[in-house]
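Thanks for coming. I will go through one structure today, a piece at a time, and I will keep it short.

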Amino acid sequence: MPELPEVRVVCKALRQKVLHKRIKDLVILKEKLFKEKNVADFKKALLNKEILNIENRGKHIIIFLSDNIVLLSHLRMEGKYRYYDKPSPEDSHLMARFIFEDNSELHYCDSRMFGTFYLRDLDNYNKILPLSKVANEPNSVNIDEVYKKLKHSDVSIKTKLLDQEIVSGIGNIYIDEALFASKISPLTKSSSLSKEQIAKIIKNAGDIMEISFQKGGTTLFSYESLNNQEGEYQNFLKVHNDKLKECSVCHNPTKKIKVNQRGTYYCPHCQKEY
Ligand SMILES: [Zn+2]
């Protein structure tokens, strides 16, 4: 599942390919990914609009178009974009096809079909769901507010920091890496941690995800940014990787467990449970 660095890499790749292109046609093959409105409404809103900018907020991709139109795209588990200079044959798992005036095409493919599209405008896109509930990213989040939400919770710190309404963008891979860097066990109850410890985890998450973004993200299973381009950060993971059997710091075996059904890697020796 793409996390914050991967979504940032996708946005950057998309900007390089489709900025200032005008949508000539939109072919929707799987209607259920297009939420709230029907296919005709999406087409009516998007046809003849120019793509002005593409940004992210947490794991949401925000496509700003002319006439104040905003399209929100979320990749969820397996969503991928493919760009073609010329009209192209259908990719497998093709869900939607954006055809531009110059006949280039952007395809959205999704083998699991969990991805979503929402139609918004410039006035409402961040005031209503889904974006209204998305918290700030680690580098801009208010630590006092995060601490307030965690200090009475018996839920594990790992589970809490995966909640996109508390901090946005941290997913399963990077929370394991951030907790390893902070020497805190993923099983620690949120209420057992001090504000300073929580600040440290979030700072580490932000720093690690920035480095991953610089390296094109992490490809452990199937993530690709655009047109099969894989990331490189999987080579730099310190703990969240099946190939890493021992801790790089203490050389004791690392452990794989489930925390709230998510595969979780940690070093029981280096990471203390408070
Ligand atoms: Zn260790």
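**A strand, a loop, some helices and a metal site**

Let us begin with T116, which is found in strand β8, residues 116–121. Before going further, note that this is a predicted model. Is T116 buried or exposed? T116 has a relative accessible area of 9%, and buried means under 20%, so T116 counts as buried. Setting aside residues up to four places away in sequence, T116 touches L33, K35, L72, S73, H74 and R76.

Next, L75. This residue sits in the loop between β4, residues 69–74, and β5, residues 80–84. L75 is in a loop, yet L75 is buried, at a relative accessible area of 3%. Which residues does L75 touch, not counting those up to four places away in sequence? The answer is P2, V10, I61, K80, Y81, Y108, D110 and G115. For a sense of distance, take L75 and F64: they are 11 residues apart in sequence, and their C-alpha atoms are 17 Å apart in space.

Compare that with another pair. K160 lies in helix α4. K160 and S190 are 30 residues apart in sequence, and 7.4 Å apart in space from C-alpha to C-alpha. S190 is also among the contacts of K160 once neighbours within four places in sequence are left aside; the others are K149, L150, S153, V155 and I166.

Now the helices. Helix α5 is mostly covered, with 10 of its 11 residues buried. The buried ones include N172, I173, Y174 and I175 at one end of the list, and L179, F180 and S182 at the other. After α5 comes K183, which has a positive phi, near 60°.

Helix α6 runs over residues 195–214, which is 20 residues. From its first C-alpha to its last it reaches 29 Å, close to the 28 Å expected at 1.5 Å a residue. Its buried residues include Q197, I198, I201, I202, M209 and F213. The cover over the buried residues of α6 includes α1 (4–18), α3 (143–150), α4 (157–161) and α5 (172–182). Just after α6, G216 takes a positive phi of about 85°.

How do we describe two packed helices? By the angle between their axes and the distance between the axes. For α1 and α6, the axes come within 8 Å and cross at roughly 35°. That crossing is right-handed. On the α1 side the contact is made by L4, P5, E6, R8, V9 and K12, and on the α6 side by M209, E210, S212 and F213.

Last, the metal. Which residues coordinate the zinc ion? They are C247, C250, C267 and C270, each through its SG atom, at 2.2 to 2.3 Å. In sequence these donor residues are spaced C-x2-C-x16-C-x2-C. The angles among the four donor atoms are 101 to 114°, and the site is tetrahedral. Four donors count as tetrahedral if all angles lie between 85 and 135 degrees, which is why the zinc site gets that label.

C247 is buried, with a relative accessible area of 0%, whereas C250 is partly exposed, at 22%. The cut-off for buried is under 20%, so C250 does not count as buried.

Key:
Residues are numbered from 1 along each chain as its sequence is written. This is a predicted model: local features need pLDDT of at least 70, side-chain atom pairs count only at pLDDT 80 or more; totals for chains, interfaces and linings use all residues. Side-chain values use heavy atoms; hydrogens and water are left out. Donors are N, O and S atoms within 2.8 Å of the metal (3.2 Å for Na, K and Ca); water is not among the atoms, so sites may look incomplete. Four donors count as tetrahedral if all angles lie between 85 and 135 degrees; four count as square planar and six as octahedral if opposite donors are over 155 degrees apart and all others between 65 and 115; anything else is irregular. Buried means under 20% relative accessible area, exposed over 50%, partly exposed in between (1.4 Å probe, protein chains only). Helices (H or I, at least four residues) and strands (E, at least two) are DSSP runs, numbered from the N terminus. The expected span of a helix is 1.5 Å times one less than its number of residues. Contact means heavy atoms within 4.5 Å. Axes are lines fitted to C-alpha atoms, for helices over the stretch in contact, and angles run from 0 to 180 degrees between N-to-C directions. A crossing is left-handed if the near helix is turned anticlockwise from the far one by less than a right angle, and right-handed if clockwise.
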